[in-house]
Amino acid sequence: MASVANPVQSPIRASRFSSLYVSPIRISPSIVPLKTRSLASRASGLSFSPLSEKLKPTKPVGVSGEPLRFSGWNQQLRRRGRDEFPVVAAAAADAEGREIEIDGYTKPSKSFAERFPFLITGFFFFMWYFLNVIFNILNKKVYNYFPYPYFVSVIHLLVGVAYCLVSWAVGLPKRAPINMELLALLFPVAFCHALGHVMSNVSFAAVAVSFTHTIKALEPFFNAAASQFVLGHQIPLSLWLSLAPVVIGVSMASLTELSFNWTGFISAMISNIAFTYRSIYSKKAMTGMDSTNVYAYISIIALLFCIPPAVFIEGPKLLQYGFKDAIARVGLYKFLSDLFWIGMFYHLYNQLATNTLERVAPLTHAVGNVLKRVFVIGFSIVVFGNKISTQTGIGTAIAIAGVAIYSLIKANMEEQKRKAAAASASAS
């Protein structure tokens, strides 16, 4: 930015600025953008008439991306501005739309979310846990009078898909375009999602919710095994050692679990394997699409995978006596409302989990996942009054502690890799 060459010695009054065209400026403590077009079009008329001939600038005043400074009387303006001018800051834009700064510029006051980000993140965590706990409790209550997990899995996804379609219709969010290439990438992810979801529900229907979540604590073990033997990634010894308490704790809990049966146990194990492969295929299906749209498309495809087994495995029973028995026990209105709300809570807690985990660092992510499982196990025991043996309780605690240790070690490794990559990128 060119500046006035000679300093101004005489006092400057506000009335002497009548020929300086700055539009639009209002007397207000807020930041007032100066329109580039107006400033550029009047640049030739920029003058300070009645300055003496000795004080004329040696160069024309122009607009650039540098801060706007009037050397010489800059400090005098700043002092007088505090006393006489209520305008404390102003910003403009250069010809390319970049913001330029005038001396005395003050940033606008931050919004509540910017000033207290920890409160917003805490609210996201609370809603994620709350919706997850409500879903697990309501889901188990439905199975107590309607034990058809394949059909209930379809309802979960069906309500979520309807929610996504309505959201797309109103443009929140805007639907991302998709083609056959993207569908081919998302199909294996959706299949693993459908299989893991159905098997989880089969386990929930067969055994206590706390026991299913104890078995699902083994998921990090399957993730590490798949990374080592399927993807060929070298897993450090420290990670393998941290998984030992998980395996030992789950084994202790399983041996004395009062609600144990092989259907619930095997279904939970299949769910672990399915979700492990879902993670593997998800890394291969990085499409650049936002997570909300990706989850919507995966839900639609997974629904198509879930419908056939529900029809062939449970369809005849449902038509013969399944629906009639449920309506006779709780009534049509409660039956339909329960099905709707478990689907809504299922979709919302998954969506909130995605939104929450995008806001935090990997270490917080790991701790959050472990605490979520603790919350679900604890609330399910209290709500349903499940009796557990002392050995089962100790085994569950050991397994959760092992998951926490594993998650913390892995999160620290990921953070070190990220910092190393950032350092190498900045060095280059």
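Reader: What makes the length of helix α5 agree with its residue count?
Author: Helix α5 covers residues 149-169, which is 21 residues. The expected span is 1.5 Å times one less than the number of residues. That should give 30 Å, and the end C-alpha atoms are 30 Å apart, so the two agree. Helices here are DSSP runs of H or I, at least four residues long, numbered from the N terminus.

Reader: What kind of model is this, and how are its residues numbered?
Author: It is a predicted model, where local features need pLDDT of at least 70, side-chain atom pairs count only at pLDDT 80 or more, and totals for chains, interfaces and linings use all residues. Residues are numbered from 1 along each chain as its sequence is written, and side-chain values use heavy atoms, with hydrogens and water left out.

Reader: Why is α5 called largely enclosed?
Author: Buried means under 20% relative accessible area, exposed means over 50%, and partly exposed lies in between (1.4 Å probe, protein chains only). In α5, 15 of the 21 residues are buried, so the rest of the structure largely encloses this helix. After α5 comes Gly 171, with a positive phi near 80 degrees.

Reader: Why is the pair of Phe 125 and Tyr 129 called edge-to-face?
Author: Rings of Phe, Tyr and Trp (its six-membered ring) pair if their centres lie within 6.5 Å; planes under 30 degrees apart are stacked, over 60 edge-to-face, and the rest tilted. The structure holds 28 such aromatic pairs. For Phe 125 and Tyr 129 the centres are 6.1 Å apart and the planes stand at 80 degrees, so the pair is edge-to-face. Both residues are buried. They sit 4 residues apart in helix α4 (residues 117-145), about one helical turn.

Reader: What makes the pair of Trp 341 and Phe 345 tilted?
Author: Their ring centres are 5.8 Å apart and their planes are at 35 degrees, so this pair counts as tilted. Both lie in helix α12 (residues 332-357), 4 residues apart.

Reader: What makes a group of residues a nonpolar core?
Author: The group must be buried Ala, Val, Leu, Ile, Met, Phe, Trp, Tyr and Cys residues joined through side-chain atoms within 4.5 Å. The largest has 45 residues; Trp 128, Phe 146, Phe 151 and Leu 339 touch the most other members. Helix α4 gives the most to this core, with 11 residues. Apart from it lies another core of 21 residues, among them Ala 208 and Phe 211.

Reader: How do you know that Gln 228 is buried?
Author: Its relative accessibility is 19%, so Gln 228 counts as buried. This residue lies in helix α8 (residues 219-229). Its side chain reaches the backbone nitrogen of Ile 235 at 3.1 Å.

Definitions and conventions
Helix = DSSP H or I, 4+ residues; strand = E, 2+ residues; numbered from the N terminus. Polar contact = N/O pair within 3.5 Å; in protein donor to acceptor, adjacent residues only side chain to side chain.
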